[in-house]
Amino acid sequence: MDKRQDLKSILPYLPLLVRESTLFWPSKVVEALKSMAKGPEHSRVNSGEMLSVAICDIRSSVSLLEPLAPFALNGYALFFDDLVSRAESTKWFEEVLPALANFLLQLPSLLESHYQNADDFLKRCGNKTGLRILGRQEAGIVFLSQELIGALLACSFFCLFPVTNRGSNHLPTINFDELFASLYESYSENQENKIKCIVHYFERISSSMPVGSVSFERKVLPLDHHPLFISYPDADAWSKSVIPLCPFEAHSLGLMEDHSTDSLQVDFANKYIGGGALRRGCVQEEIHFMINPELIAGMLFLPSMADNEAIDIVGAERFSDYNGYASSFRFSGDHVDKRNVDVFGRRKIRIIAIDALCWPGMKQYELKYLLRETNKALCGFIDQSNFGQYEKLFPDGGLYEANDEDNMPRNKFLEGSSTAIETNEDKSVNPMLRNSDPKSSQFRNHKGFPGIVTGNWGCGAFGGDPELKAIIQWLAASQALRPLMSYYTFGVEALENVGQVTQWILSHEWTVGDLWNMMVEYSSQRLKGETSVGFFTWLLP
C-alpha cells in the first residue's frame with residue numbers, strides 16, 4: 001500500500017497512518033471510537049458539549065495541531081443542545097453517532113478494498129480510478145463507493161482531515177469546523193438548515209448504507225493540439241462552426257434539481273469546488289452540496305479549476321428536499337432518489353461544475369472573456385469519449401478549421417478518440433447536414449446522451465449579464481452535440497422572453513458560428529458604447 005503512487009498523493013491529507021502496507025488509526029483513536037460505537041452509556045457522549053470534547057480528544061490522538069475555527073466547538077454544542085428537539089438529540093447520540101464511529105473504524109479497510117478494486121478496474125479497462133489528488137491540468141477520474149464516501153464525510157464531521165498544506169496546494173476546505181463555527185458566531189436560520197441537511201444525510205446512511213458509487217472527473221480542454229482530445233478552440237474556430245443549434249426549452253417555474261429526466265445539471269461553481277458550502281455560502285452550488293452531500297467528498301482531492309477545466313460528478317444521491325434560496329433556504333424533509341443506476345452503480349445524474357468570471361463588469365464583453373466563458377462551458381458539456389462521432393459526422397476533416405501563424409490547422413474538434421470512461425450506453429450518431437433541423441437531427445436524440453439542465457450561470461452572486469450567459473451556454477451545449485438545453489430562468493426579468501428569442505433564432509436555422517458572430521458583434525458595440533440595450537432587444541428585428 002505504501003508504494004502506491006495514488007495513495008502517496010492523498011496520504012498527507014488523510015488522518016490515517018500506514019505501516020507495512022497497512023492503513024490504520026492510532027491506538028488511542030481506535031479505543032475512543034470503539035467506546036463511542038457502543039453508545040452514550042459507555043462513551044458518555046450524550047450532548048453537543050460532550051461531542052465537542054470527544055472531537056478535541058480524537059484530533060489530539062491523531063496529532064492534529066492546527067486549531068479549529070474559532071467558535072466551532074460552540075457551534076456543535078449550540079446545534080445539538082439547543083437547536084434540535086430533545087427527541088432528535090437523543091436519537092442522534094444513541095443511534096447516529098455510534099454508527100459514525102463505526103464508519104470511522106472501517107475507514108482503513110474500506111480504503112484498502114477501494115484500492116484493490118481500483119487495481120482490478122485498471123486491469124480490465126485501463127483506467128486509473130483510485131483515490132488520489134486529481135491535480136490541475138491532469139485529466140482523470142476517481143470512483144468512490146457510497147460507503148467509503150460516508151466514512152470520509154464522518155472524518156469531515158469530526159474535523160479529522162489535516163489542513164496544513166491544503167491552501168498552498170489549491171485545495172478547498174474539507175472539515176466541518178467552519179460550518180459549525182459560523183452557526184454560533186453569527187447565527188442565521190439558513191445556516192442551521194444547511195447543517196440539518198448534513199445531519200439528515202448521516203441519519204439516512206446510519207440506518208441504511210447505500211451500495212452504489214460516485215465518480216469525480218477532472219475534465220481538461222488541452223490548450224495545445226492533442227491527438228486524442230478535443231483542444232481549446234479559438235475565436236476563429238467558434239466563428240466557423242457549422243453545428244446547428246440544439247433545441248432550447250425555457251422554464252419560468254420550477255427547480256433544476258427537480259428536473260425529471262436523465263440530464264447533465266450545471267453547478268454554478270466557484271473555482272474551488274463546493275464554494276462556500278462548508279462556510280456561510282447558501283446559493284446554487286452550496287445548496288447542491290447540502291441536498292447531495294456526497295458531492296462534498298470531491299472537496300478532499302480536487303484542487304481549484306483553471307480556465308480550461310471543469311469537474312464532472314456522476315451518481316451523487318440526493319437525500320434532502322428544500323425550499324427557499326440564500327437567506328430563505330430551508331431543509332424541508334427527506335428525499336428518496338429514484339433515479340436509475342448505470343453499469344458502474346452510479347445514479348444517472350451528472351453534475352457539471354464550471355466556474356464563471358466573478359463580477360466581470362464591462363470586461364465580460366471583451367473577446368478573450370467571451371472565449372473564456374464559452375470554452376469553460378464547452379469543457380463541462382463535451383463528452384470526450386463521444387469524440388470519435390465527430391469523425392463520422394464530418395469525414396472531410398472538421399466542423400471548422402482555424403489556422404495559426406504558420407497556416408497549420410489547429411484546435412479542430414477532430415483530433416481522435418478519448419481515453420475517458422464511457423458513461424452512456426447504446427450511442428449511435430448519424431450524419432448531419434449543415435442546415436438540418438436540430439429538432440429532428442437523429443444525432444441529437446440518440447439514446448443515452450443526456451441534455452443540459454441549467455440556469456443563470458455566472459449571474460446573481462457572480463454579477464454576469466444573464467442574456468449573454470444564456471447564449472454562451474447554448475453555444476457550448478450545441479457544439480458539444482447535446483440534444484437539448486433546458487433553461488430555468490428563476491424569475492429573472494431580463495430572461496422573460498428568452499424562449500421567444502431562442503425560437504426565433506432556431507426558426508432561421510442558425511449555426512453555432514452564426515450565433516457566435518452575432519454575440520461578438522453585439523459585445524463589440526457594448527464596449528464602444530454604441531448600444532446599451534440587452535442582447536435580445538438588440539438582436540430581434
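Val520 touches Leu367 and Leu370, where contact means heavy atoms within 4.5 Å and residues up to four places away in sequence are not counted. The residue lies in helix α16 (residues 512-528), helices being DSSP runs of H or I with at least four residues and strands runs of E with at least two, numbered from the N terminus. At 24% relative accessibility, Val520 counts as partly exposed, a class that falls between buried, under 20% relative accessible area, and exposed, over 50%, with a 1.4 Å probe and protein chains only. Between Val520 and Leu371 the C-alpha to C-alpha distance is 9.8 Å, although 149 residues separate them in sequence.

The model is predicted, so that local features need pLDDT of at least 70 and side-chain atom pairs count only at pLDDT 80 or more, whereas totals for chains, interfaces and linings use all residues. Residues are numbered from 1 along each chain as its sequence is written, and side-chain values use heavy atoms, with hydrogens and water left out.

Helix α4 (residues 48-61) comprises 14 residues and reaches 20 Å from its first C-alpha to its last, close to the 20 Å expected at 1.5 Å a residue, the expected span being 1.5 Å times one less than the number of residues. Its buried residues are Gly48, Leu51, Ser52, Ala54, Ile55, Ile58 and Arg59. These residues cover an arc of only 165 degrees around the axis, and therefore lie on the same side of α4; the arc is that of the directions from the helix axis to the C-beta atoms. The buried residues of α4 pack against α2 (27-37), α5 (72-83), α6 (86-125) and α7 (146-157), whereas the face turned away from the buried side carries the exposed residues Glu49 and Ser60.

α4 is followed by Ser63, which lies in the loop between α4 and α5 and has a positive phi of about 60 degrees although it is not a glycine. Ser63 is exposed, with a relative accessible area of 56%. A positive phi, near 50 degrees, is also found in Glu20, a residue of the loop between β1 (17-19) and β2 (22-24) that is exposed, with a relative accessible area of 71%. Most residues other than glycine have a negative phi.

The structure holds 30 aromatic pairs, in which rings of Phe, Tyr and Trp (its six-membered ring) have centres within 6.5 Å, with planes under 30 degrees apart counted as stacked, over 60 as edge-to-face and the rest as tilted. Phe79 and Phe180 form an edge-to-face pair, at 6.4 Å centre to centre and 85 degrees between the planes. This pair links distant parts of the chain, with Phe79 in helix α5 and Phe180 in helix α8 (residues 177-185), 101 residues apart, and both Phe79 and Phe180 are buried. The rings of Trp92 and Phe157 have centres 5.6 Å apart and planes at 55 degrees, so the pair is tilted. Trp92 in helix α6 and Phe157 in helix α7 are 65 residues apart, and their pair likewise links distant parts of the chain; both residues are buried. One aromatic cluster includes Tyr76, Phe79, Phe80, Trp92, Phe157 and Phe180 among its members.

The structure holds zero disulfides, a disulfide being a pair of cysteine sulfur atoms within 2.5 Å. The sulfur of Cys159 is 9.0 Å from the closest cysteine sulfur, in Cys56, which is too far for a bond. Cys159 counts as buried at 0% relative accessibility, whereas Cys358 is exposed, with a relative accessible area of 53%.
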